[in-house]
Structure formats: structure tokens, C-alpha cells
Amino acid sequence: MGYAVAPHHSGVYPVHVQLYEAWKKVWNIKITSTEEYPHLKPARYRRGFIHKNIMVLPRQTCGLFTHTIFYKEYPGGPKELDKSIQGGELFFTVVLNPISIFMTHLSNYGNDRLGLHTFVNLANFLQTWTNLRLQTLPPVQLAHKYFELFPDQKDPLWQNPCDDKRHRDIWSKEKTCDRLPKFLVIGPQKTGTTALYLFLVMHPSILSNSPSPKTFEEVQFFNRNNYHRGIDWYMDFFPVPSNVTTDFLFEKSANYFHSEEAPKRAASLVPKAKIITTLIDPSDRAYSWYQHQRSHEDPAALKFSFYEVISAGPHAPWELRTLQKRCLVPGWYASHIERWLMYFPPFQLLIIDGQQLRIDPATVMDEVQKFLGVLPHYNYSEALTFDSRKGFWCQLLEEGKTKCLGKSKGRKYPPMDPSSRAFLSGYYRDHNVELSKLLHRLGQPLPSWLRQELQKVR
């Protein structure tokens, strides 16, 4: 019938990818069920999800277990079971769930008399005292009906298996949560995040993910379809730390900043992670992104001037509006930070002035170390040197040699034209005002570029 249940929920959730692959390959399983996702009580808060094209439905608990075989031996006495059926927990489980799946867990499946007694009486009670119409469906039809009713549940929301004792107990003993990051650098793009990444990995206690071949050094897990590959795929990018207490794993994916999904997904998997973002003047960020796209031969960036891109109307060509969105939307700083603050408390968020990072990285990195609580303290003043040819700070190696960002970083391009600068100053005016209010609320200083833009408002 395309339906299978794993013993003790093992491998269904927390997901063990090998189980899903074997199910598809050997038996072409299409549906399973579990009580474990997301392991909320009462049971009516359980949800479904789809992984590897296998539909996982929420299974409810009915109070019957392997050790409960005889009516008179029900825990708490027969009255407890009857109370659950006649208006108690089992009754409300069915009333409050459009679709309910139960497993009695009894050892004598061939003659499951207590299970029959329970559900026959439950059905009779519901039909007598409610207007509910009860029906049953085969597993495949049931699963399609479930996700027709709850389409928003198709995408899973991965949680940290080590934060739930039961999940930890049924997870594979070969896996460890120590390979999850302690902090994230979330972007936005073109604000100095790559420089920050280089400075971070200089620290002896800070370890980054291994690079992703498709997205360079960025994993881009929380904001893309990579998320559906599961947490095993994600953790494979990180080394096993030599010292769990002192080593800090992190990843930098600059698209996380303005992603609508990333904050919620990150908070579910790594709720205690520190979050670092860098901000520069959003007008400069937009222009830098446009020039970045020109260097990568984006047809729209090569065809249209910067002013044409940022001032394009709603009826402009699709490729022009797409480029415009990538230039402008990440600069709505306050809106994006507020979204992250919906899921992470303010003390877990550090906002870096990208301009200060470029001019005085050692001071900024001292602040970062303090924020992370990482030891030992690393002296960036001695480890960095200014490269006058490149125009930015680089890592100082032995014998006076330096390690700098790649050729694409620090690229020189013409200054922004005055009309574009004026247009963007007006475009971001309200966003900048909201950012100043947000920073004031968080007790964080205003970057110099923001103070200058606010003076224009007056």
C-alpha cells in the first residue's frame, strides 16, 4: 500500500537519510508517519512534512502501549480509558484534527481486542455526540488529502536533535550536533562579508565550513532548496571540532540577510547561534551589486545604466526588474533585521559598521571576539597590514608576505553619478530613519554613513 512505519520512529524524524533512500529503492514507500515531528504536546500540534518525496504524516497517541493488553489493567484503571474516549484526550484529539492516524503499539496485533474496544467506542461516541462525519482512506489517498488541507506543511522545519532528549535517544549514535555552527554571518552581499570571513578564519579557535562547489565558500542552506537536503547534508560541510568548548564553527552566506525563510529555519536548528551582519550605506551597496553583475556579464547590467536599473517602473522588462530587486531590496536594512529579531533575541545579534571594518578592522574584530566570547584573544593589530596597492587590509604572513582577498575584491569602478545618488538617497530615506530607530532601541551606535544620511532628512 506504499505505507511503512519505522520501529521506534528511528530514522523518520530526526531524519536518517539512509532510511528514506532504502524505502524508495527497495519498496517504493510513499507514506510514513511519526509522533516525533516536531514533538510538541498536546498531540494536536504535530505536523506533517515531505522529504525525499516521502510524505510524513503526524501520528497521534491513543494511550495504548505494548504493556497495556487487558482492559482492567489499563494505567489508572478502566475508568481512565473510558474517560479519554468519552470527552477526554482521545476524544479531543479526533475532534481537533481533521485527519488522525493512530497506532496501538500492542504486541498481539492479530487479536488486538483492547484496540478494537477503544476505537469502536470512540467512533460510537463521536457519532452520538457530535456532528462529525467519520471516514477512512487508504494511506496514499490519506496523505494527498492531508497536504491538500495543509499545503504550508510540505516544507519541513528542521530542529536540533540534541535539544530534545527523546530525539537524541532515537537519532543515530554515529551523528553529533557538535558539527552545527555556533554563529552565522548573514550578509548582506557587498558589505564586506568576505573580508570579515577572511579575518574570522585567521583566529585559531574559529573554523569555517568547507566550501560548496556550487556557491564558492557559501553553503546557502537556510535560504535555498539545499535546505530540503536535510541536516546531514548541512553538517557534512563542517569539521568535527577538536575541542567542543573552545572551537567555534561558523558559516557565511550573505543571502541569508534578506531571506524570508532563513531566520525561522536558522532559529529552529541553531536557536542559540550568534548572528553577525555588516551594514554600509545602502546606496553604495546597491551600486556595488550592479557593478558586480556587470563584471559577471549580467545582460541587464550590461544593457542598462545604473540609473535606468534603480528607477525602472513596474512595466519594465522582467530581467531589468529582477536586477533592480537584487540592487534595492537588500538595502531595506531595518525590515530585514526586524525579521531576524522575531526569532533571535537582540543579545545574539551583532551589527557591524562595514565602513569601519574596511578602515579599522582590528578594532572591529576585537568587538567580534568579545561578542562571540571566543578564546584565546587574537591580536589582529599584529596580524593585519594595510596594502596600499590594493587599498585594503590583508593578512600578514611570514617574511612580510601578505594574503589578500581575490582579484575581484576591491575592484575599481567609476563613482556613482549624482542623479543616481540623489534618487537612492530619497528611496532609502524612510528605511534609514527606521534603521536609526531600531539601532537606538537596541542601544547600538549609528554608523557614520547613517548619521550623514539622516542629516539630509532634516
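Where is the place of Gln 220? Here are some notes on this predicted model, starting with that residue.

1. **Gln 220.** You will find Gln 220 in the loop between strand E5 (206-208) and helix H8 (231-235). Its phi is near 50°, a positive value in a residue other than glycine. Gln 220 counts as buried because its relative accessible area is 5%, and the cut-off for burial is under 20%.

2. **The loop between E4 and H7.** Two backbone features are worth a look here. The peptide bond from Gly 187 to Pro 188 is cis, with omega near 0°, and Pro 188 sits in the loop that runs between strand E4 (183-187) and helix H7 (193-201). Lys 190 also lies in the loop between E4 and H7; its phi, near 65°, is a positive value in a residue other than glycine.

3. **Another cis bond.** From Tyr 37 to Pro 38 the peptide bond is cis, with omega near -10°. Pro 38 belongs to the loop between strand E1 (31-34) and strand E2 (49-51).

4. **The second largest pocket.** This pocket has a volume of about 1,100 Å³. Its lining comprises 33 residues, and those nearest its centre are Ser 100, Ile 101, Phe 102, Gln 135 and Thr 136. H3, helix H4 (113-129) and helix H5 (139-149) are the elements that each give two or more residues to the lining. H4 provides the largest share, with six residues. By type, the lining divides into 23 nonpolar, seven polar and three charged residues.

5. Val 95 is described as partly exposed because its relative accessible area is 31%, which falls between the cut-offs of 20% and 50%.

6. **Cavities.** The model holds three cavities of 30 Å³ or more. For the largest cavity, the volume is about 80 Å³. Its lining includes Tyr 13, Pro 14, Val 15 and Val 17, along with Trp 158, Gln 159 and Pro 161, and then Gly 230, Ile 231 and Asp 232. Seven of the lining residues are nonpolar, two are polar and one is charged.

7. **Helix H14.** Helix H14 (residues 333-341) is mostly covered, with seven of its nine residues buried. The buried residues are Tyr 333, Ala 334, His 336, Ile 337, Arg 339, Trp 340 and Leu 341.

Terms used: Residues numbered from 1 in each chain as written. Predicted model: local features only at pLDDT ≥ 70, side-chain atom pairs only at ≥ 80, totals over all residues. Heavy atoms only, no water. Buried < 20%, exposed > 50% of the residue type's maximum accessible area, 1.4 Å probe, protein only. 1 Å grid on protein atoms, 1.4 Å probe; cavity = no way out; pocket = protein on both sides within 12 Å on 5 of 7 lines; lining within 4 Å. Points joined across faces, edges and corners; volume = space filled by probe spheres on them. Helix = DSSP H or I, 4+ residues; strand = E, 2+ residues; numbered from the N terminus. Nonpolar A, V, L, I, M, F, W, Y, C, P; charged D, E, K, R; others polar.
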